[in-house]
Amino acid sequence: MKKSSVTHKTGFWEVVKSLLSGLRLTWRHFRNADKRRAPVPVMDENYFKQPEGLVTLTYPYEAIPVPENGRYRLHNEIDDCIVCDLCAKICPVNCITIESVKATEEIGMTSDGTKKRLYAPVFDIDMAKCCYCGLCTTVCPTDCLTMTPVYDFAEVDIKNMIYHFTDLTPEQAEEKKQLLAKQQEEMAAAKAAALAARKQQ
Amino acid sequence: MLAFLLTLMLLLGIVIVLAYAERKVAAFMQDRMGPTEAGPYGSLQSVLDVLKLLQKEDIVPAAADKKLFKLAPILIFAAVFAGFAVIPFTPDLIPAGIGIGVFYLLAIISLDVVGLLMAGWGSNNKYAMLGAMRSVAQIVSYEIPAGLAILSVVMICQSLDFQEISYQQGVLLNRFPGLEFEKNWLFGIEALGINTTNIGGITTWNIFRAPLLLVAFVIYFIASLAESNRAPFDIPEAESELVAGFHVEYSGFRFAILFLAEYSMMVLVSLVAVILFLGSWNTPLPNLTTLKLANWTTGTVGELSGILWGGFWLLSKTFVLLFLQLQIRWTYPRLRVDQLMYLCWKVLTPVALVIVLLAGIWRLLMV
Ligand code: SF4
Ligand code: SF4
């Protein structure tokens with residue numbers, strides 16, 4: 001059986017017919033240019049069903065919503081972070097830098113009831129290195145490190161791609177460090193005194 | 001001088017609208033949005049493009065033939081613009097009403113080719129050279145079927161004057177000096193006995209006065225696409241292989257001039273098609289017994305109404321053809337060089353020759 005769709009059509013009228021059908025096609029698209037794509041997210045079942053009309057959006061003004069489980073810019077809710085360093089350890093590209101300072105007393109509670117004992121004078125994530133694998137968000141014990149739906153955060157200066165999440169100013173951090181050092185000195189002194197006392201007995 | 005300035009202004013206006021329309025039409029046919037930022041719906045886009053081009057540095061390549069390179073854009077634009085001198089815009093408005101307008105137009109437009117070759121050679125760039133050679137080969141070849149199609153109109157109308165050809169295609173026929181006692185018959189055949197002199201409208205357009213001119217019109221339209229280097233005959237520009245053809249080395253003001261010349265050429269060939277085949281500045285609406293549609297939409301010659309109606313019909317018909325040119329560009333793929341030459345020499349030229357012969361016979365039936 002000959003398939004009509006693959007037979008090579010020749011002859012004047014066939015050519016004219018195919019030329020006209022080409023013009024009809026572009027004319028149909030031109031006529032439907034008043035219809036627009038609806039900004040439905042990919043989860044919507046009509047996402048791939050757009051029969052006619054313009055498919056592009058005027059991006060910064062309109063955007064297609066992103067799915068909630070997508071991986072985009074990270075955010076750390078520093079109030080809930082217990083500075084356990086798990087995220088920095090698991091990160092395959094080492095883009096999380098954490099410095100921790102032990103607190104002299106208990107600082108407070110995270111929203112899920114874990115006690116906070118460490119300050120984080122440095123909590124930097126280099127988004128330029130991040131590969132958005134999401135491992136850090138899964139290991140985080142307090143769920144404070146999360147993915148946000150923000151994906152458009154290009155910068156002119158690459159230094160701005162490093163996000164600082166710490167809530168301490170350098171002075172505060174210095175102060176905490178000194179407090180810790182003082183406490184440790186006192187503890188060491190107390191320990192030495194106790195040791196000396198025990199020796200004398 | 002006044003006519004020069006007015007025509008230049010009109011042309012600039014049309015070209016700016018056309019450049020904007022090109023981008024919007026292309027976008028819509030490809031389901032895109034096109035320009036949206038500059039002005040409402042991006043309508044100021046092409047104005048801003050021109051302003052941007054004027055601010056750019058005018059670069060002349062070190063190895064270029066400087067004199068030719070600098071002169072070429074001016075020559076190209078001058079050749080195209082000179083063609084507008086004989087275009088009748090309304091029944092009594094024509095920059096230069098010379099009796100051999102058609103002949104002059106064909107001759108002056110051919111000068112374009114020299115400019116293209118100068119630009120391609122002067123750039124000292126292989127893409128520019130290839131583009132210019134292709135362009136010249138194409139334009140020279142397609143001038144033959146285009147010229148023959150025009151010749152058949154001239155034979156039917158027995159005139160080389162654009163204004164006389166225009167008058168013949170409407171209710172104002174007898175107002176033209178020398179045509180006072182002429183009559184229009186349906187399909188140009190007196191034997192049918194239907195006098196259309198006072199019916200006018202579409203029945204007296206050249207494609208109706210002699211229906212075989214419809215074929216001539218199609219031939220002319222195809223050839224005119226090739227002459228203005230438009231797709232599907234854009235192998236001289238061929239963005240994907242030749243970068244941009246002969247104007248690849250141009251920038252700034254000179255590029256703007258080349259761009260303007262290209263779009264002016266589109267406008268000019270469409271205007272000529274409208275004047276020769278589609279009734280020029282005449283209304284398409286015929287007079288029906290008591291509904292004098294043709295008279296109402298023609299206005300009075302010599303008064304403002306005549307000028308406005310004439311200009312309106314001429315420009316609106318031209319824009320329909322221009323839209324068709326745009327649509328064709330965004331519909332059909334580019335032809336190969338051999339296909340291009342095949343179409344010209346083996347299809348269009350023989351058919352055009354037959355049309356010329358038949359037009360002569362038709363003219364015998366008309367008198
Ligand atoms: S998403 Fe992956 S790469 Fe990015 S910071 Fe988290 S663990 Fe590192
Ligand atoms: S894993 Fe979570 S709690 Fe631990 S340091 Fe990273 S962000 Fe803070």
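1. Into which domains is chain A divided? In this predicted model, in which local features need pLDDT of at least 70, side-chain atom pairs count only at pLDDT 80 or more, and totals for chains, interfaces and linings use all residues, chain A is divided into domain 1 (11-65) and domain 2 (74-180), with bounds from an automatic or database domain assignment. Residues are numbered from 1 along each chain as its sequence is written, and chains are lettered from A in the order in which they are written. Taken over C-alpha atoms, the centres of domain 1 and domain 2 of chain A are separated by 46 Å.

2. The contact between the chains (heavy atoms within 4.5 Å) takes 16 residues from chain A and 14 residues from chain B. Together chain A and chain B bury about 1400 Å², of which 67% is on carbon and sulfur atoms; buried area is the accessible area (1.4 Å probe) lost when two parts are put together, summed over both. Of the area that chain A buries against chain B, Leu23(A), Thr26(A) and Phe30(A) supply 36%, more than any other three residues.

3. Across this interface of chain A and chain B the rule finds zero salt bridges, a salt bridge being a side-chain nitrogen of Lys or Arg within 4 Å of a carboxyl oxygen of Asp or Glu.

4. In chain B, Ala3(B) has its place in helix α1 (residues 2-29), where a helix is a DSSP run of H or I with at least four residues. Ala3(B) and Ala96(B) lie 93 residues apart in sequence, while their C-alpha atoms are 8.4 Å apart in space.

Definitions and conventions
Side-chain values use heavy atoms; hydrogens and water are left out. Helices (H or I, at least four residues) and strands (E, at least two) are DSSP runs, numbered from the N terminus.
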